[in-house]
Amino acid sequence: MRKSSIGVLACTAAAALVLAGCGSDGGSTADPGSSTPTVAGKVGVILPDSKSSARWEDNDRPSLEAAFKDAGVESIIQNAEASVPTFGTICDSMITAGVKVLMIVNLDSDSGAACLSKAKAAGIATIDYDRLTLGGGADYYVSFDNVQVGALQGEGLITCLDDAGKTKANIVYINGAATDNNATLFKQGYEEALAEKISSGDYTLVGDQTGEWDPEKAQAVMEGFITDQAGKIDGAIVANDGMAGGASAALKKAKLDIPITGQDATNEGLTRVLTDQQCGTVFKDTDLEAEAAAKIAIALATGADASSIATSTVKDTVLNVDVPFAAATPVWVSDAAGVKDVIATGFTTAADVCVGDAAAVCTKESIS
């Protein structure tokens, strides 16, 4: 696949261990030897899992920890490991621990809204991080422009198909989980980007299913598409790098070489970009997201106004209200130059990306 650039464990918390088990343990994240003062008001953060994407533990946790530490904010950061009961237990424990601000990445809107409701009843300020909790009524929302994330994937697939000389193409979608509002926004973005190609008959959508953010399920979905279409698939929108790994495995097994997309710029996704196994990925610099979220959390913890940080709004379609929104900008990465730019930010390292067949590419492209 030829490409051209178009832009540049956690532990599962049991009830008794929730505040002591993994990550920040409720103590101040500020260096005891630092002159940075600790800001009054503890911040609790619930991450969703470590399987759907490596970003949560590899990038978001350290980015948030660093942002809170630099500001002298005491924090508790825990991971629900895709378990709704564990998510609820962590939520209850953080409320009991007296956090002044609670930031969540929901597993689904229902359980996320239940947590936010309890927090609000306890007088705790709330922030939706990365995923909007529909019906949750969070005070603020911090994420990337998720429709634009999907648009970058759709535009990227068009470029990769053009580069492969495919003016007519059968394409498939492997979408994120239906319970995740972000997955809806991603799909909106790539559907809009591909609408003209599909309506004109240049592209035919021959498969459209969820992989539920699970690499193994995504592999099974892609295998089903390959069987149903007798291998006649020319390109695929795959909603994130984790599922792209599963889809790539299915394609390799079937000896098919077609462009597929991803997002999150995981180490594995970047490696596949370098070795032409993935058309591109969307780089979402978690430092930008974490910085905005930490600034809002700090403002809320100290009783300050955060409106100057969240300068946009997003619609909660369940409550029919506008939620103050701080949006970060995503970037499409589809070649060695783009991968090099990602590494230069400190988001990851060449040692983690330049593995296997990618090592030779990194040497050739001076990626180190």
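I began with D264 and K284, whose side chains meet in a salt bridge at 3.3 Å, N to O. For this term I take a side-chain nitrogen of Lys or Arg within 4 Å of a carboxyl oxygen of Asp or Glu. The pair links distant parts of the chain, 20 residues apart. D264 sits in the loop between α7 (241–253) and α8 (267–274). K284 sits in the loop between β10 (281–283) and α9 (286–301). Helices (H or I, at least four residues) and strands (E, at least two) are DSSP runs, numbered from the N terminus.

I noted that this is a predicted model, where local features need pLDDT of at least 70 and side-chain atom pairs count only at pLDDT 80 or more, while totals for chains, interfaces and linings use all residues. Residues are numbered from 1 along each chain as its sequence is written, and side-chain values use heavy atoms, with hydrogens and water left out.

Are D264 and K284 buried or exposed? D264 is buried, at 6% relative accessible area. K284 also counts as buried, at 4%. My cut-offs: buried is under 20% relative accessible area, exposed is over 50%, and partly exposed is in between (1.4 Å probe, protein chains only).

**Other salt bridges**

How many salt bridges does the structure hold? I found 18.

I looked up K166 next. K166 forms a salt bridge with D234, the closest N and O atoms being 3.2 Å apart. K166 lies in the loop between α4 (146–163) and β7, and D234 in the loop between α6 (215–228) and β9, so the pair ties together parts that are 68 residues apart in sequence. K166 is partly exposed at 34%, whereas D234 counts as buried at 16%.

E212 and K217 form another salt bridge, with the closest N and O atoms 2.7 Å apart. E212 counts as partly exposed at 42%, and K217 likewise at 40%.

I also logged a network of salt bridges that links R55, D60, D130 and E289.

**Strand β7**

I then turned to β7 (residues 169–175), which is mostly covered. Six of its seven residues are buried.

Which strands pair with β7? Pairing needs at least two DSSP bridges between two strands. Strand β8 (residues 203–210) runs parallel to β7 and is joined to it by seven bridges. N175 has T210 as its bridge partner in β8. Strand β9 (residues 235–238) also runs parallel to β7, with four bridges. There, I171 has G235 as its bridge partner.

Last, I checked the connection. β7, helix α5 (residues 181–199) and β8 make a right-handed β-α-β unit. Right-handed means that, with the strands pointing away from the viewer, the path from the first strand over the helix to the second runs clockwise.
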